[in-house]
Amino acid sequence: MILQPPSVLLAGPAGSGKTSALATQLLYGLEVFVIVTEPDGVASLLDAAERLKAPIDHLHWSYCAPTSTGWGDLEDMITKISSMDQKQLADQRDMGKASFRPAAMKFLNAFRNFTCDRTGQSYGDFTKWDDQCSLNVDSLTGWSIIGFGCTVGYKPTANPGEWGIAQNFVHNMLLKINTDRRCYFNLTAHVEKEMDEMQGVKKIMVSTIGAKLAPKIPPFFSEVVKCSRAVDAKGNPSFTWSTLDSTMDLKNRALPMGANLLADFKPIIEAYTRRLASAKLAGASPSPAPTSGVTGSASVVTPTAIVPPSAPMRPQTATARTYGAKQ
C-alpha cells in the first residue's frame, strides 16, 4: 500500500492569498516547486517568502505562461469575426492552433522534467520525487487557457465538441498527476458562480473550461479550501482559509472544519506525519524514496505538541495570520 501525501485545492478570488499560502510550506522543511502560469506570479511567491522569512533556497519555479495571440493572428481574427456569423466561426477547423502548441508542451515538460528558472537545475520527472517535495500549480486559470488555446487556437468561439476536448485536456492531466505522484500536490484556482445541476442552484466553483468540468476538479483533492482576505483598521491584510461555507462545496481531512483558519500548510503536513507513523506501525508501505530526481535537503518537521485528530467534525476558528505587520 502506498501512502500519498495530501493534495490541496486552494480556491478563491484574486488577491485572497492563494499564492502566498504556498510559500508557508517552506517553513516546514519541504522543497517547494511551483509551476507558475500567471504573469507576476513569481513576484507574489518571492514577496510571500520575504514576509515569512522563509528559506528561498528551497523554492523553485518554472514559468509556463499561456501563449498570447500574435498581431497577425489578431488581424485575421478581426477579419473573420467581422465577416462570419457565430456558426461559421465555430466551424473553422484551424485558426492558429499550432502557435499554442509550444506553451502546452512547456507546461507538460515542467511535470516530466522540472527545470528551475532560478538556478537552471533540472530535477527530473516529478513522479520520482518523494514526500520531502511539494509540487504546486499556480494556477488552474492559466492551465485552462493553455488547454483551450491548444484546442481552438485564437478562434473566438468553439463548438461543443471542442469544449469537451479542452476539458479532457485538463481532466486527463490532473488524473495523471494525482494518480502517479508520491509528493505533495497543490493547485490554486480562481472562482466563479456556476449552476449546480444536482441541486438546481448556483454555487461558487473553480474557474476553468466550462461549467461541466468545474465540479469534477475537487474530488481529486484531499483538502478543498476557500481562501479569503480581510483588512483590519490599520490597513493590514489577513489571509484566511475556510472549510465550511454554504456557498461552496469544500472538503477537509487534515484541516479542522471551520472558518477563519490560518492560511498555513502546517496542519496538513503534521497530519501526514501522523498518518505516516500509523502506517509504519500497521506494516504499510509509505511513499518510496525516489530512485532518481530530487530529494529535499531537510526532512519534514515532526510535531512535538499534541494535535487533534485529522478532520475534526466540530466547526473551529483560529486567529488569522496577519501579513505585513512587524515581526
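Visitor: How many residues does the chain have, and what share of them count as buried?

Guide: Of the chain's 327 residues, 48% count as buried, a term that means under 20% relative accessible area, with exposed being over 50% and partly exposed in between (1.4 Å probe, protein chains only). This is a predicted model, in which local features need pLDDT of at least 70 and side-chain atom pairs count only at pLDDT 80 or more, while totals for chains, interfaces and linings use all residues. Residues are numbered from 1 along each chain as its sequence is written, and side-chain values use heavy atoms, with hydrogens and water left out.

Visitor: How should I read one helix, for instance α5, and which of its residues are buried?

Guide: An α-helix has 3.6 residues a turn, so residues three or four places apart point the same way. Helix α5 (residues 101-112) has twelve residues and spans 16 Å from its first C-alpha to its last, close to the 16 Å expected at 1.5 Å a residue, where the expected span is 1.5 Å times one less than the number of residues. The buried residues of α5 are A103, A104, F107, A110 and F111. Seen down the axis of α5, these buried residues fall within an arc of 115°, so they line one face of the helix; the arc is that of the directions from the helix axis to the C-beta atoms.

Visitor: What covers the buried residues of α5?

Guide: Contact means heavy atoms within 4.5 Å, and the cover of the buried residues of α5 includes β3 (31-36), β4 (59-63), β5 (133-138), α6 (140-152) and α7 (160-180).

Visitor: Where is T208 found, and is T208 buried or exposed?

Guide: T208 is found in the loop between β8 (201-206) and β9 (223-231), and T208 counts as buried because its relative accessibility is 13%. Leaving aside neighbours within four places in sequence, T208 is in contact with L140, S144, E192, L213 and A214. T208 and S144 are 64 residues apart in sequence, yet 5.7 Å apart in space, C-alpha to C-alpha.

Notes. Helix = DSSP H or I, 4+ residues; strand = E, 2+ residues; numbered from the N terminus.
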